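Here's a quick briefing to read alongside the model. Keep the viewer open and click along as you go.

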Amino acid sequence: MVPLAGCLGATVSGFGPGLAVSDSGRNILLNAWREYLVLIIRDIPLNDPELLAFARLFGELDPPGPNPYGTVFLPDFPELNVISNVQEDGQPIGNLGAGEAVWHADMTYVEKPPTAGILHALEVPPHGGNTCFANMYAAYDALDDSLKARIEGRSAIHDAAHNSAGMLRKGYEEITDVTRTPGPRHPLVRTDPGTGRKALFLGRRPYSYIEGMDVAESETLLDEIWEHATRPEFAMTHVWQAGDTLIWHNLTVLHRRDAFGSSSRRIMHRAQIRGEEAIA
Ligand SMILES: [Fe+2]
(Lines give C-alpha, C1' and ligand atoms only; values in the text may rest on other atoms or scores of the structure.)
Protein backbone atom coordinates (compact mmCIF):
# COMPACT_ATOMS: atom_id res chain seq x y z
CA MET A 1 0.00 0.00 0.00
CA VAL A 2 1.63 3.23 -1.14
CA PRO A 3 -0.38 6.43 -0.57
CA LEU A 4 -0.10 9.04 -3.31
CA ALA A 5 1.43 12.39 -2.48
CA GLY A 6 -1.83 14.38 -2.57
CA CYS A 7 -4.93 14.22 -0.40
CA LEU A 8 -6.38 10.98 -1.77
CA GLY A 9 -5.45 7.75 -3.52
CA ALA A 10 -3.12 4.82 -2.85
CA THR A 11 -1.46 2.21 -5.04
CA VAL A 12 -2.13 -1.37 -3.92
CA SER A 13 -0.19 -4.51 -4.82
CA GLY A 14 0.32 -8.04 -3.54
CA PHE A 15 -2.64 -9.79 -5.18
CA GLY A 16 -2.90 -13.36 -6.39
CA PRO A 17 -3.92 -14.25 -9.97
CA GLY A 18 -7.08 -12.43 -11.07
CA LEU A 19 -6.83 -10.10 -8.04
CA ALA A 20 -7.53 -12.95 -5.62
CA VAL A 21 -7.16 -11.97 -1.94
CA SER A 22 -7.35 -13.75 1.42
CA ASP A 23 -9.94 -12.77 4.05
CA SER A 24 -7.37 -10.67 5.89
CA GLY A 25 -6.28 -9.14 2.58
CA ARG A 26 -9.89 -8.18 1.89
CA ASN A 27 -10.13 -6.38 5.24
CA ILE A 28 -6.95 -4.45 4.48
CA LEU A 29 -8.36 -3.54 1.09
CA LEU A 30 -11.71 -2.31 2.48
CA ASN A 31 -10.01 -0.23 5.18
CA ALA A 32 -7.65 1.29 2.62
CA TRP A 33 -10.59 2.11 0.33
CA ARG A 34 -12.35 3.98 3.17
CA GLU A 35 -9.16 5.80 4.15
CA TYR A 36 -7.61 6.69 0.79
CA LEU A 37 -10.92 6.80 -1.18
CA VAL A 38 -9.27 5.76 -4.47
CA LEU A 39 -7.24 2.54 -4.82
CA ILE A 40 -5.07 1.91 -7.86
CA ILE A 41 -3.97 -1.56 -8.98
CA ARG A 42 -1.60 -1.56 -11.95
CA ASP A 43 -0.90 -3.98 -14.75
CA ILE A 44 -3.11 -6.97 -13.91
CA PRO A 45 -5.38 -7.71 -16.90
CA LEU A 46 -8.73 -9.19 -15.85
CA ASN A 47 -11.47 -11.02 -17.68
CA ASP A 48 -15.08 -10.18 -16.86
CA PRO A 49 -15.66 -12.99 -14.29
CA GLU A 50 -12.44 -11.94 -12.50
CA LEU A 51 -13.53 -8.30 -12.48
CA LEU A 52 -16.92 -9.26 -11.07
CA ALA A 53 -15.35 -11.47 -8.38
CA PHE A 54 -13.02 -8.64 -7.38
CA ALA A 55 -15.87 -6.10 -7.32
CA ARG A 56 -17.91 -8.37 -5.02
CA LEU A 57 -15.22 -7.95 -2.35
CA PHE A 58 -16.66 -4.46 -1.82
CA GLY A 59 -20.33 -5.47 -1.53
CA GLU A 60 -23.35 -6.41 -3.57
CA LEU A 61 -23.20 -5.51 -7.26
CA ASP A 62 -25.48 -2.77 -8.59
CA PRO A 63 -26.36 -3.01 -12.30
CA PRO A 64 -25.61 -0.05 -14.59
CA GLY A 65 -28.09 2.79 -14.95
CA PRO A 66 -29.94 3.37 -18.21
CA ASN A 67 -27.74 4.46 -21.12
CA PRO A 68 -28.71 6.63 -24.11
CA TYR A 69 -29.03 3.59 -26.39
CA GLY A 70 -31.38 1.55 -24.18
CA THR A 71 -29.20 -1.55 -24.57
CA VAL A 72 -27.23 -3.87 -22.30
CA PHE A 73 -23.65 -3.67 -23.54
CA LEU A 74 -22.52 -7.07 -22.19
CA PRO A 75 -25.51 -9.44 -22.31
CA ASP A 76 -23.45 -12.24 -20.70
CA PHE A 77 -22.45 -9.94 -17.83
CA PRO A 78 -25.28 -7.42 -17.40
CA GLU A 79 -23.86 -6.29 -14.02
CA LEU A 80 -20.97 -4.70 -15.93
CA ASN A 81 -21.10 -1.44 -17.85
CA VAL A 82 -18.87 -0.64 -20.82
CA ILE A 83 -17.28 2.80 -21.02
CA SER A 84 -16.01 3.18 -24.56
CA ASN A 85 -15.96 5.26 -27.74
CA VAL A 86 -15.53 2.19 -29.97
CA GLN A 87 -18.17 1.31 -32.52
CA GLU A 88 -18.58 -2.12 -34.08
CA ASP A 89 -20.82 -2.57 -37.13
CA GLY A 90 -21.92 1.05 -36.65
CA GLN A 91 -23.12 0.42 -33.10
CA PRO A 92 -21.46 1.80 -29.94
CA ILE A 93 -20.08 -0.99 -27.74
CA GLY A 94 -20.19 1.33 -24.71
CA ASN A 95 -21.14 4.61 -23.11
CA LEU A 96 -19.77 8.19 -22.95
CA GLY A 97 -17.93 8.43 -26.30
CA ALA A 98 -14.59 10.27 -26.51
CA GLY A 99 -15.58 13.66 -25.09
CA GLU A 100 -15.01 15.08 -21.66
CA ALA A 101 -17.09 13.67 -18.82
CA VAL A 102 -17.66 16.53 -16.39
CA TRP A 103 -17.12 16.25 -12.62
CA HIS A 104 -19.71 13.96 -11.05
CA ALA A 105 -20.36 11.06 -8.73
CA ASP A 106 -22.03 8.02 -10.27
CA MET A 107 -25.78 7.52 -10.14
CA THR A 108 -26.53 10.04 -7.41
CA TYR A 109 -29.81 10.46 -9.28
CA VAL A 110 -31.19 7.49 -7.29
CA GLU A 111 -32.22 7.54 -3.61
CA LYS A 112 -29.39 5.22 -2.55
CA PRO A 113 -26.41 5.86 -4.83
CA PRO A 114 -23.70 3.20 -5.30
CA THR A 115 -20.97 3.21 -2.66
CA ALA A 116 -18.12 2.16 -4.94
CA GLY A 117 -17.15 2.34 -8.59
CA ILE A 118 -14.68 -0.17 -10.02
CA LEU A 119 -13.16 0.56 -13.42
CA HIS A 120 -10.86 -1.78 -15.35
CA ALA A 121 -8.92 -0.67 -18.44
CA LEU A 122 -8.84 -3.04 -21.42
CA GLU A 123 -7.63 -0.57 -24.07
CA VAL A 124 -6.43 2.98 -23.54
CA PRO A 125 -5.64 5.83 -25.97
CA PRO A 126 -2.04 7.02 -26.32
CA HIS A 127 -3.00 10.47 -25.05
CA GLY A 128 -5.89 11.85 -23.00
CA GLY A 129 -8.76 9.99 -21.39
CA ASN A 130 -7.22 10.49 -17.94
CA THR A 131 -9.55 10.30 -14.94
CA CYS A 132 -9.39 12.85 -12.10
CA PHE A 133 -10.76 12.31 -8.60
CA ALA A 134 -11.46 14.92 -5.90
CA ASN A 135 -11.75 14.33 -2.14
CA MET A 136 -15.02 15.78 -0.83
CA TYR A 137 -14.01 15.35 2.85
CA ALA A 138 -11.05 17.64 2.20
CA ALA A 139 -13.22 20.04 0.22
CA TYR A 140 -15.77 20.27 3.05
CA ASP A 141 -13.08 20.70 5.71
CA ALA A 142 -11.58 23.60 3.75
CA LEU A 143 -14.86 25.52 3.31
CA ASP A 144 -14.97 28.77 5.21
CA ASP A 145 -17.51 28.96 8.02
CA SER A 146 -19.87 31.29 6.18
CA LEU A 147 -20.15 28.90 3.23
CA LYS A 148 -20.64 25.96 5.60
CA ALA A 149 -23.48 27.90 7.24
CA ARG A 150 -25.09 28.73 3.87
CA ILE A 151 -25.28 25.07 2.83
CA GLU A 152 -26.11 23.61 6.25
CA GLY A 153 -29.40 21.71 6.07
CA ARG A 154 -29.79 22.44 2.33
CA SER A 155 -30.63 19.80 -0.28
CA ALA A 156 -30.14 19.78 -4.03
CA ILE A 157 -31.84 17.95 -6.88
CA HIS A 158 -29.61 15.42 -8.66
CA ASP A 159 -30.41 15.24 -12.38
CA ALA A 160 -31.54 11.83 -13.61
CA ALA A 161 -32.07 12.90 -17.22
CA HIS A 162 -28.47 13.20 -18.50
CA ASN A 163 -25.36 11.05 -18.29
CA SER A 164 -21.96 12.47 -17.34
CA ALA A 165 -21.16 13.20 -20.99
CA GLY A 166 -24.29 15.38 -21.13
CA MET A 167 -26.30 12.98 -23.29
CA LEU A 168 -30.00 12.61 -22.60
CA ARG A 169 -30.88 9.17 -21.25
CA LYS A 170 -33.53 7.21 -23.07
CA GLY A 171 -37.02 8.11 -21.87
CA TYR A 172 -36.21 11.65 -20.60
CA GLU A 173 -36.97 15.11 -21.99
CA GLU A 174 -34.63 18.10 -22.07
CA ILE A 175 -34.80 20.29 -18.94
CA THR A 176 -35.85 23.92 -19.33
CA ASP A 177 -36.54 24.73 -15.64
CA VAL A 178 -34.05 23.40 -13.05
CA THR A 179 -36.66 23.57 -10.30
CA ARG A 180 -38.37 20.72 -12.18
CA THR A 181 -35.23 18.64 -12.84
CA PRO A 182 -36.18 14.95 -12.49
CA GLY A 183 -34.25 13.18 -9.72
CA PRO A 184 -33.99 12.78 -5.95
CA ARG A 185 -33.06 15.43 -3.39
CA HIS A 186 -29.88 14.81 -1.38
CA PRO A 187 -28.33 16.99 1.35
CA LEU A 188 -25.34 19.02 0.14
CA VAL A 189 -23.37 17.65 3.10
CA ARG A 190 -23.17 13.90 3.78
CA THR A 191 -22.24 12.69 7.26
CA ASP A 192 -20.49 9.31 7.24
CA PRO A 193 -22.57 6.97 9.42
CA GLY A 194 -19.44 5.18 10.72
CA THR A 195 -17.11 8.08 11.50
CA GLY A 196 -19.39 11.13 11.67
CA ARG A 197 -17.10 12.89 9.20
CA LYS A 198 -18.69 15.33 6.82
CA ALA A 199 -18.17 15.51 3.06
CA LEU A 200 -19.67 17.62 0.32
CA PHE A 201 -22.18 15.60 -1.67
CA LEU A 202 -22.72 17.35 -4.97
CA GLY A 203 -23.52 14.74 -7.64
CA ARG A 204 -23.15 16.80 -10.77
CA ARG A 205 -23.40 20.50 -11.54
CA PRO A 206 -25.57 20.63 -14.70
CA TYR A 207 -29.31 20.93 -13.95
CA SER A 208 -28.73 20.91 -10.19
CA TYR A 209 -30.92 23.14 -8.02
CA ILE A 210 -30.87 23.92 -4.29
CA GLU A 211 -34.36 23.56 -2.93
CA GLY A 212 -36.05 26.58 -1.36
CA MET A 213 -33.92 29.16 -3.20
CA ASP A 214 -34.79 31.20 -6.22
CA VAL A 215 -32.99 29.93 -9.30
CA ALA A 216 -30.45 32.76 -9.51
CA GLU A 217 -29.47 32.35 -5.84
CA SER A 218 -29.16 28.59 -6.28
CA GLU A 219 -27.03 28.97 -9.41
CA THR A 220 -24.67 31.41 -7.68
CA LEU A 221 -24.24 29.25 -4.59
CA LEU A 222 -23.78 26.05 -6.63
CA ASP A 223 -21.16 27.72 -8.81
CA GLU A 224 -19.31 28.86 -5.69
CA ILE A 225 -19.36 25.41 -4.06
CA TRP A 226 -18.37 23.61 -7.26
CA GLU A 227 -15.50 26.01 -7.93
CA HIS A 228 -14.22 25.28 -4.44
CA ALA A 229 -14.80 21.50 -4.51
CA THR A 230 -12.95 20.91 -7.78
CA ARG A 231 -9.82 22.90 -6.96
CA PRO A 232 -6.58 21.09 -7.83
CA GLU A 233 -5.49 20.76 -4.18
CA PHE A 234 -8.36 18.33 -3.49
CA ALA A 235 -7.76 16.26 -6.63
CA MET A 236 -5.52 13.65 -8.24
CA THR A 237 -5.22 12.48 -11.86
CA HIS A 238 -4.85 8.90 -12.98
CA VAL A 239 -3.09 8.27 -16.31
CA TRP A 240 -4.38 4.90 -17.45
CA GLN A 241 -2.48 1.89 -18.71
CA ALA A 242 -4.23 -1.24 -19.98
CA GLY A 243 -4.58 -3.68 -17.08
CA ASP A 244 -5.20 -0.96 -14.47
CA THR A 245 -8.09 -1.32 -12.04
CA LEU A 246 -9.35 1.58 -9.92
CA ILE A 247 -11.82 1.48 -7.04
CA TRP A 248 -13.24 4.70 -5.68
CA HIS A 249 -15.56 5.67 -2.84
CA ASN A 250 -18.47 7.09 -4.81
CA LEU A 251 -20.14 8.90 -1.89
CA THR A 252 -17.06 10.92 -0.94
CA VAL A 253 -15.19 11.61 -4.18
CA LEU A 254 -16.09 13.26 -7.46
CA HIS A 255 -14.51 12.15 -10.71
CA ARG A 256 -14.20 13.48 -14.24
CA ARG A 257 -12.61 12.34 -17.47
CA ASP A 258 -10.53 14.22 -20.04
CA ALA A 259 -11.49 14.04 -23.67
CA PHE A 260 -9.29 11.98 -26.01
CA GLY A 261 -8.86 11.58 -29.77
CA SER A 262 -11.97 10.03 -31.25
CA SER A 263 -9.87 7.91 -33.62
CA SER A 264 -8.17 6.24 -30.61
CA ARG A 265 -9.74 3.26 -28.87
CA ARG A 266 -10.58 3.34 -25.17
CA ILE A 267 -12.41 0.39 -23.62
CA MET A 268 -13.17 0.13 -19.90
CA HIS A 269 -15.39 -2.33 -18.07
CA ARG A 270 -17.05 -1.01 -14.94
CA ALA A 271 -18.79 -2.49 -11.94
CA GLN A 272 -20.43 -0.65 -9.09
CA ILE A 273 -21.54 -1.57 -5.57
CA ARG A 274 -25.10 -1.15 -4.38
CA GLY A 275 -25.65 1.60 -1.84
CA GLU A 276 -27.67 0.87 1.29
CA GLU A 277 -27.70 4.40 2.57
CA ALA A 278 -30.10 7.22 1.82
CA ILE A 279 -27.71 10.18 2.00
CA ALA A 280 -28.19 12.15 5.22
FE1 LIG B 1 -18.65 8.24 -13.67
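Tyr207 is buried, with 22 other C-beta atoms within 10 Å (buried means 20 or more other C-beta atoms within 10 Å of a residue's own, exposed means 12 or fewer, partly exposed is in between, and C-beta atoms are placed from the backbone). This is a predicted model, in which local features need pLDDT of at least 70 and side-chain atom pairs count only at pLDDT 80 or more, while totals for chains, interfaces and linings use all residues. Residues are numbered from 1 along each chain as its sequence is written.

**Positive phi spots**
- Most residues other than glycine have a negative phi.
- You'll find Met107 in the loop between strand E8 (101-104) and strand E9 (116-123), and Met107 is buried, with 20 other C-beta atoms within 10 Å.

**Another residue in the E8-E9 loop**
- Thr115 is in the loop between E8 and E9 and counts as buried, with 21 C-beta neighbours inside 10 Å.
- Leaving out residues up to four places away in sequence, Thr115 touches Gly59, Asn250, Leu251, Ile273 and Gly275 (contact means C-beta atoms, placed from the backbone, within 7 Å).

**The four-stranded sheet**
- Four strands make an open sheet in the order E8-E18-E10-E16, with antiparallel pairing (strands pair if DSSP finds at least two bridges between them).
- E8 and strand E16 (235-238) are at the edges with a single partner strand each, so one side of each has no neighbour in the sheet.
- Inside the sheet, E10 (residues 131-135) and E18 (residues 253-257) pair antiparallel over five bridges; Ala134 has Leu254 in E18 as its bridge partner.

**Helix H1**
- The buried residues of H1 are Leu29, Trp33 and Tyr36.
- They cover an arc of only 95 degrees around the axis, which puts them on the same side of H1 (the arc is that of the directions from the helix axis to the C-beta atoms).
- Strand E1 (2-3), strand E2 (10-11), strand E3 (38-41) and strand E17 (245-249) are among what covers those buried residues.
- On the face turned away from the buried side, H1 carries the exposed residues Asp23, Ser24, Asn27 and Asn31.
- Just after H1, Leu37 takes a positive phi of about 75 degrees.

Key. Helix = DSSP H or I, 4+ residues; strand = E, 2+ residues; numbered from the N terminus. Contact = placed C-beta atoms within 7 Å.
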